[in-house]
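Please consider the model shown below with attention to its ligand and its pockets.

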Amino acid sequence: MSLGRHLLGLEGVAAEDINLILDTASSLKEINSRPIKKVPTLRGKTVVHFFVEPSTRTRTSFELASKRLSADTVSLSASTSSLTKGETLIDTAKNLEAMGPDLIVIRHSMSGAPHLLAQHIEPSIINAGDGTHEHPTQALLDMLTMRERFGRLEGLNVSIIGDIAHSRVARSNLIGLNAMGAKVRVCGPRTLLPPFAASLGAEVCDTLEQAIDGADVIMMLRVQKERLDDVLFPSLREYAQRFGLGPRHMRKAKPGAIVMHPGPINRGVEMNPEVADGPWSVILDQVANGVAVRMALLYLLIGAEAK
Ligand code: CP
């Protein structure tokens, strides 16, 4: 395995390692439906969840994953930490390190923040989303959800639609799906389609209809209003008209096609509620798989067998 001590991104992670993570997640998933959802695997280990950006799904699922594997956990938010008093990220990390954690999960608005920590401190680091760069655990849970539904990733037709440029989810999925042999298409306003999509082997579609045609997986992305410094499309209303997924689109989709979204959803913008809550949606399966994938990573990085 070339996974090493950290998971900073999916760039450079081999297909065999992705398969190992997904296989481990599939094995551990059963724990989450037991009456007593706890095993002693990480007893005596300490995990810090350091979230400098808001999160519902990633933070909660990491905390549950750590607790279900019996790790001791500490959670730190930007607003309640001494970052608010001007302490630097590296000073904060070194102070956390001094308390002896085995692993730090970090989410930060700055691309590269997890890599910076990995250069300066000893504990294992997992990237829980860094700026517009990568969100590797999201892509892994997405790939687990696809693999469960279709039994494979190789040859799967996956269309990623929306704000690709600002999406760390899109980047990690493009890297991971490319490594696993899926065929990826991207679609969105030209101003929100970055050059990296084509360089990662994705086909670019101009219309939602083109992107949906023949797709097994339709992955809708959130319009990230918090990262839009400039006006990159005329209005949310126009965006919803051109790129919002509705039941009329799904009636023309490939039979058996699934709809994914990393959350949080802007209902009525990138997706109509009838789709979000409809028979095509596997959005809550993605959320459930998030716990299993994060358990797998904690186990592989700091579990008994980890180097
Ligand atoms: N998908 C995702 O990262 O959601 P949160 O921001 O709620 O963690």
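This is a predicted model: local features need pLDDT of at least 70, side-chain atom pairs count only at pLDDT 80 or more; totals for chains, interfaces and linings use all residues.

On a 1 Å grid over the protein atoms alone, a pocket is an open set of points with protein on both sides within 12 Å along at least five of seven lines.

The volume of the largest pocket is about 390 Å³. Its lining comprises 20 residues, and those closest to the centre are Arg107, Arg168, Arg222, Gly263 and Pro264. Helix H2 (57-68) and helix H6 (168-179) each contribute at least two residues to this lining, which divides by class into five nonpolar, eight polar and seven charged residues.

Around the ligand itself stand Ser55, Thr56, Arg57, Thr58, Arg107, His135, Gln138, Pro262 and Gly263. By class, this shell has one nonpolar, six polar and two charged residues. Oxygen atoms of the ligand lie 2.6 Å from a polar side-chain atom of Thr58, 2.9 Å from a side-chain N or O atom of Arg107 and 2.9 Å from a polar side-chain atom of His135. The ligand taken alone exposes 250 Å², of which the protein buries 91%.

The second largest pocket has a volume of about 300 Å³. Of its 24 lining residues, Arg57, His261, Ile283, Leu284 and Val287 lie nearest the centre. H2, helix H5 (136-150) and helix H12 (283-302) each give two or more residues to this lining, and H12 gives the most, with seven. The lining of the second largest pocket consists of ten nonpolar, ten polar and four charged residues.

Methods
Residues are numbered from 1 along each chain as its sequence is written. Side-chain values use heavy atoms; hydrogens and water are left out. A residue is near a molecule or strand if one of its heavy atoms lies within 4 Å of it. A polar contact is a pair of N or O atoms within 3.5 Å; within protein, one must be able to donate a hydrogen and the other to accept it, and residues adjacent in sequence count only if both atoms are side-chain atoms. Accessible areas come from the Shrake-Rupley method with a 1.4 Å probe; for residues, only the protein chains shown count as cover. Ala, Val, Leu, Ile, Met, Phe, Trp, Tyr, Cys and Pro count as nonpolar, Asp, Glu, Lys and Arg as charged, and the others, Gly among them, as polar. On a 1 Å grid over the protein atoms alone, a cavity is a set of points where a 1.4 Å probe fits but cannot get out, and a pocket is an open set with protein on both sides within 12 Å along at least five of seven lines; lining residues have an atom within 4 Å of a point. Grid points are joined across faces, edges and corners, and a volume is the space filled by probe spheres set on the points. Helices (H or I, at least four residues) and strands (E, at least two) are DSSP runs, numbered from the N terminus.
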